[in-house]
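I opened this model to look up a few local features and to write down what I found. The entries follow in the order in which I made them.

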Amino acid sequence: MAPKAKEKPKPSQPPSSQPPVALEDLFASLNRHVQRSEYEQAVKVADQVLAVAPGDEDALRCKIVGLIKADNIDLALSTIQASSNVPIDLSFYKAYCLYRQNKLDEALESLSSQEITSAAMQLESQILYRLGKMEACMDVYQKLQKLKIESLEINIVAGLISAGRASEVQGTMDALKVKANSSFELAYNAACSLIESKKYTDAEQQLLSARRIGQETLMDDNWADDEIEIEFAPIAVQLAYVRQLLGHPEEAIQTYIDIINRNLADDSSLAVAINNLIALKGPKDVSDGLRKLDKLIEKGNTTHGFQLARGLDLKLSSKQKETIYSNRVLLLLHANRIDQARELVAALSDMFPGSVMPALLQAAVLVRENKAGKAEEILGQFANQFPEKSKVALLARAQVAAAAGHPQIAAESLARIPDIQHMPATVATLVSLKERAGDIDGAAAVLDSAISWWSNAMSEDNKLDLIMHEAASFKLKHGQEEEAARLYENLVKSHGSVEALGVDVDALEKTSGAKHVENGGNLRNIEVYEEPKGKAKSKKKRKRKPKYPKGFDPANPGPPPDPERWLPKRERSSYRPKRKDKRAQVRGSQGAVVREKQEASNAASSSTNTNTSKPKPNQPTTTTTSKPSSEQSKPSSSKSSKKKSRR
């Protein structure tokens, strides 16, 4: 704020060798420093003015604004508090300082006593934006539109996106008569709205347009290349994110790494790049991901015990901060550091009240601790407390319960989600869960309800045939033949389903055949499906010429091969065994030799009868033998030795 030059009554001069500087000269110097954005010098001159004229309103305002511009928020706030006896309304400056210190509730309270001006309304909208109260923020923006404030459309579009109203962005810009390419900031915000609407290709083109417009604008203003790169860091990070969503993860990873290594980005863009890189890599390099996040998250003196470093708590949205903390919990779980994960999860519930993510993470930690029942309880409590946010919690509860062997709880969780109740996947899951729980009637009721719903559904992609087929199959499986027959009959009559006429051949083979019926039976004509006459007959397979070995002449084959060439030598007709050597020496009496041979022959025969029992018919044989107990603890090899068997 440039002070007005004015004359002040000269106070009595103290005895000194040097005369005091005139107030006019001090105010002229103060004005010069303000015009040159030399805020630290302006604060010093303002102190000189206040030393000569205590309580001067212009000098006090210049000092406070100079301190704020120099980012000395603490000293600015203490100056305001020390000037409470001065008859000047400094509540706006106090509210702004509290806003900069992230004391948002106190800032709103201080602003409530301030006169309603455009500056006060803009500050209020910023405070509400940071508090996440987007609807109240947009109400203030609606009032500000009537004042025709310059560049207000940039904040309005940002507010709509943060409020989850990205679909209203284009209509709002049309109402304000502004185009997305009127400034690179607005082009960037418009691209963010396209991302929220999942129009990723259009968002990519809009981001490229934002970068081009910004380069032209900042180069005309003689910005240095490094300054331009820092200014465009948010655009670079968002472009990488869009290309990641478009299926180019390697390109996105390289962009994130380049931004991190060059360190030419503002703190918030750098934090987003680190988080997105970790999310892309997943659990591949957990230790590196934790090291990177350790630079962003630190333990502090806050009520929650955790805070983001480098003032990121003031620069990132609530959703961005929650994502960073959540990714750290997931990495800690992958690293099996359960105690640290539990400590951080306990703080998240207070940091992000009403959000489903802390409940999901708490359940994940409990599952890792084999406390599935407690996890189910936590998710169920959240679903009861926040019905409008219960869908994700109930799906997670169903998954935990199904994995833990609690099918009834899993089915009950799915049954509480109305909008997916009759989808084929949900119906199939519910039927399977109720079957596992032994509730056959409940499973049949799910199918009946789905049939009723799809019968009245006005949808192009109607799933009635699919549901009826599954219901008929289920009822037939569980002995409800009459209901199954009725469903098959409806499929044939109403929907022309030929598949319903299929015959279960296996079941037919198990029947005892046709039975005699007294007084004859009511015979019905069975229509036989015939192939259309116009259908071409299947072609006969062409005989292929036999392939002969290289150099073989079929016209001159030569002598035929030996027909016994595949038999073992001892089984061929030409085999002649070798004669035994009869020159063996005999020691001792002849009777002793014969007796020893006879005993050896009897022992061998007894051993063979014990170990070569034949397997029974239709029973598989096994070559597995039990190993000594000393070998049981050895690791098994992937290779197995095979013995050749003779026929």
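**Entry 1: S37**

I looked up S37 and found it partly exposed, with a relative accessible area of 46%. I note that the model is a predicted one. S37 sits in the loop that runs between helix 1 (23-35) and helix 2 (39-52). I then read its backbone: phi of S37 is positive, near 60°, and the residue is not a glycine.

**Entry 2: N222**

I went on to N222, another entry on backbone angles. Its phi is positive, about 60°, although N222 is not a glycine. I placed N222 in the loop between helix 12 (200-220) and helix 13 (225-231). Is N222 buried or exposed? N222 counts as exposed because its relative accessibility is 67%, and the cut-off for exposed is over 50%.

**Entry 3: the chain as a whole**

I stepped back to the totals. I counted 30 helices and two strands in the secondary structure of the protein chain. The chain has 647 residues, and buried residues make up 34% of them.

**Entry 4: helix 21**

I picked helix 21, which covers residues 356-368 and has 13 residues. From its first C-alpha to its last, helix 21 reaches 19 Å, close to the 18 Å expected at 1.5 Å a residue. Which residues of helix 21 are buried? I listed V356, P358, A359, L360, L361, A363, V365 and L366. An α-helix has 3.6 residues a turn, so residues three or four places apart point the same way. I then asked what covers the buried residues of helix 21. The cover includes helix 19 (318-334) and helix 20 (338-351), and also helix 22 (372-385) and helix 23 (390-403).

At the start of helix 21, a side-chain oxygen of S355 comes to within 3.3 Å of the backbone nitrogen of M357. After helix 21 comes N370, which has a positive phi, near 60°.

**Entry 5: cavities**

How many cavities of 30 Å³ or more does the structure hold? I found two. For the largest cavity I noted a volume of about 60 Å³. Its lining consists of L277, I278, K281, G282, D285, D288, G289 and K292. Helix 16 (267-281) and helix 17 (286-294) each supply at least two residues of that lining.

I stayed with helix 16, where N275 is found. N275 counts as buried because its relative accessibility is 7%, and buried means under 20%. What is N275 in contact with, leaving aside its neighbours within four places in sequence? I found T323, I324 and N327.

Leaving aside its neighbours within four places in sequence, I found T172 in contact with I156 and L160.

How values were computed
Residues are numbered from 1 along each chain as its sequence is written. This is a predicted model: local features need pLDDT of at least 70, side-chain atom pairs count only at pLDDT 80 or more; totals for chains, interfaces and linings use all residues. Side-chain values use heavy atoms; hydrogens and water are left out. Helices (H or I, at least four residues) and strands (E, at least two) are DSSP runs, numbered from the N terminus. Buried means under 20% relative accessible area, exposed over 50%, partly exposed in between (1.4 Å probe, protein chains only). The expected span of a helix is 1.5 Å times one less than its number of residues. Contact means heavy atoms within 4.5 Å. A polar contact is a pair of N or O atoms within 3.5 Å; within protein, one must be able to donate a hydrogen and the other to accept it, and residues adjacent in sequence count only if both atoms are side-chain atoms. On a 1 Å grid over the protein atoms alone, a cavity is a set of points where a 1.4 Å probe fits but cannot get out, and a pocket is an open set with protein on both sides within 12 Å along at least five of seven lines; lining residues have an atom within 4 Å of a point. Grid points are joined across faces, edges and corners, and a volume is the space filled by probe spheres set on the points.
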